[in-house]
Amino acid sequence: MAQSADKSVMRARDFWGALGLMALSVFFLWRTSQIPLFGGNRAGVSGADWYNSAAIVPLGIFAGLFVLSCVLLTISIRAGGAAGALSAAGIGWDHREGLRIATLALILFFYIAGLVPRVDFIISGGLLITCLIFGYHRGLTGRMLIATAAMGVAGAYALMMHPDRAGWRAHDDDILALVLWIGLTFWSTARARGDRIMRVIPLIAVITPLVLVTAMAFGFRQNVPNRGGLIFAQIEYHYYVTLRPLWRD
Amino acid sequence: MDMLVTQLAGFWDALLALVADPLTYIYLISSVFLGIIFGALPGLTATLAVTILTGFFGNKIPLDYALIALLGAYVGAIYGGSYPSILLNIPGTAASAATAMDGYPLARAGRGGEALGLTTTASFIGTLIGTLALLVFVWLLLLISKNIASPEKALLALFGILLSGTLMSEDLVIKGWIAGLIGLAMAMVGLDPLLSEPRYTFGWSYLLSGFQVVPVLMGAFAVPQIIDGLRHMEVGEVLKLQGRILPNLGTIRRYLPTITRSGVIGTGVGALPGVGEDVAGWVSYGVGKSVSPDGAQFGKGSLDGLLSSETANNACIGGALIPLLVLGIPGSPPAAALMGAFKINNVIPGPTIDPAIILRVAAIMVLASLTMFILGLFTARVFIRILRIPQTVFLPVVMVLTTIGSFSVGGGINDLYLMLGVGFVAYLMNLMKYPMAPLVIGVILGGLFDETFRRSLLISNGDLLVFATRPGAAILLSLNVALILSQFPFIQRGFARLKGKFT
């Protein structure tokens, strides 16, 4: 019984999935039509024959995708997917699960798009770990929203105040993220009430990004995000000016 | 015969060179240990272990050491999945799903120590069987592959994507094919390989070089895992380990036929392009159930059942490396991540690969399996403690690892945007039960398919018969067509009727 319900939900989702894929393949077929297929002439230079055109393989791929999405749509409609596709229950929508996924998507978006390029990696990594463990360990909706708000404020501020690369070295966004991280850490520790996981969050949140970024920068000598970040810039300075001369000299 | 002796001598030299290098042990022990941890933690997979380590070691240390780290993690992670299967009844990786069927009942019956010891031994022997097959068959296939030209390469790439789509689909087979086509479509982004025509770059210069493999792998495998795993979940009760782990020699001898059979099956399944360790485990379990005298006891705590799946999934590793090294077509999702590591080191797996690399890979596999065996037997209790760590604690750490690993491969912040975009799409696809392996294999093989397909047409002046007139191409074309036709309902009904007549 449960298996057949799962199957109906899947076919209803397939209905939307197939429509999305059809739209996508039509869009890319149109884009492919802009690539010369029959020996187009570009800047006075004659292009290749059809069989060597850069469009031939993508044409086949997107045409194939279109055909397969039509088949999927047919399968879905035959299995009653179209009927269930218009109701929330039909596609298996769960409000709590939707909220969980949406908040996580926002946290990851603000982390990658807002914080990683602009804010010190130790601070952004620490804030992310704190937000994710605090927000999702117990599965409480309130905590998920607080975690998303903390990451959202830090990420949105960095994105809006320093949209261009020239402003990425500024430290006001680092300070705001650090304040939010410390605030959330105190909040989570105060509410730990015997929960061992909540008490170890600060330790994990500090050690993980710190070890990773220093190992990557000084061990593997690789590029790391935001080298001019509030904390990392100090570490880098003291590594080269204070520490390294000790074994170099 | 001379050739075999030369290969064995070459393998021996590679093994001695590795054994004599102290750095080998540092990379080997740490990567196998890390691999077992990744495998043992439900929510982390072998593919993720190899992908994340590709981000870290792929192009930052010499290729030899990178291969030690990646293969060590691969071997360790496939084996590590057996811990939660046996003690928690939750497979640590998809490859160990069949292991839970008999492992957990054995642990409940107070035979957890015996089950773990035998699993460790079987995984060790299985890996060696796979490596032996790699050592022998890779040379035979390399000789054959010298005659493979563009038409065969194009059809082989297509076959890999189609086969992976067919066998890795949980729901409809068509979803596997769609995932493969999406992967192929992603590979079309950037400058085309023959005419340098820009395709689908939308004015973003970063896309001129196409989708980079590592961010795509991280997006496809890590991000969905993190989104899916970050939920409240009580860690199940870890059963107390009873009995000694060190296996009894007599018992091993008794189960040697099962181990050998499963090792051969696992290697064979692994050698199929794009088919992973989970399929190997289930196929071997299914065969074991039908041929073993103990078949009726499968699922109720049978050692035969346990060893059938556990040997096969580790033997699959060696098998999966055969098409990767000989043809440049990954045999499993973790092998696809390994291919990413080869690519960022400018090593192109395939008929032109340096034979010394193959010998080194085989030598590393032997050492990695030995390390896994020793760690498994003597530090099992450490890994059991790790089972108690909830997903909500280690997944955020994985996200930070993924970010810095993906960033430092070369593309910087743009790689992270790509990773996140692919990750969100991959999560949606997971929700609709589209398999990820064909997508990743499509991304990896897309460039090869595009180039060889068009080159075939170029040398034949656009004559499509070039794909049917060469013997090798004709066989591969037939396989592709047969694979597609086999999924048509009226053909399936016809086969079912035929089967009914003969039984």
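First, the ground rules. Residues count from 1 along each chain as its sequence is written, and chains are lettered from A, ligands numbered from 1, in the order in which they are written. Since this is a predicted model, local features need pLDDT of at least 70 and side-chain atom pairs count only at pLDDT 80 or more, while totals for chains, interfaces and linings use all residues.

Now confidence. pLDDT is the predictor's confidence in each residue, from 0 to 100. Chain B averages 89, and 99% of its residues score at least 70. The model scores ipTM 0.92 and pTM 0.89.

Next, the contact. Two residues are in contact if their C-beta atoms, placed from the backbone, lie within 7 Å. Chain B gives 46 residues and chain A gives 55 residues. On the side of chain B, the largest share, ten residues, comes from α18(B). Helices here are DSSP runs (H or I, at least four residues), numbered from the N terminus.

Finally, helix α6 of chain B, residues 97–108. How far apart are its end C-alpha atoms? They are 17 Å apart, which agrees with the 16 Å that twelve residues should span at 1.5 Å a residue. That expected span is 1.5 Å times one less than the number of residues. Eleven of the twelve residues of α6(B) are buried (20 or more other C-beta atoms within 10 Å of a residue's own, C-beta atoms placed from the backbone). Among them are B:Met101 and B:Tyr104. The cover includes α5, α7, α13 and α14 of chain B. After α6(B) comes B:Gly110, with a positive phi near 85°.

Note on methods
Helices (H or I, at least four residues) and strands (E, at least two) are DSSP runs, numbered from the N terminus.
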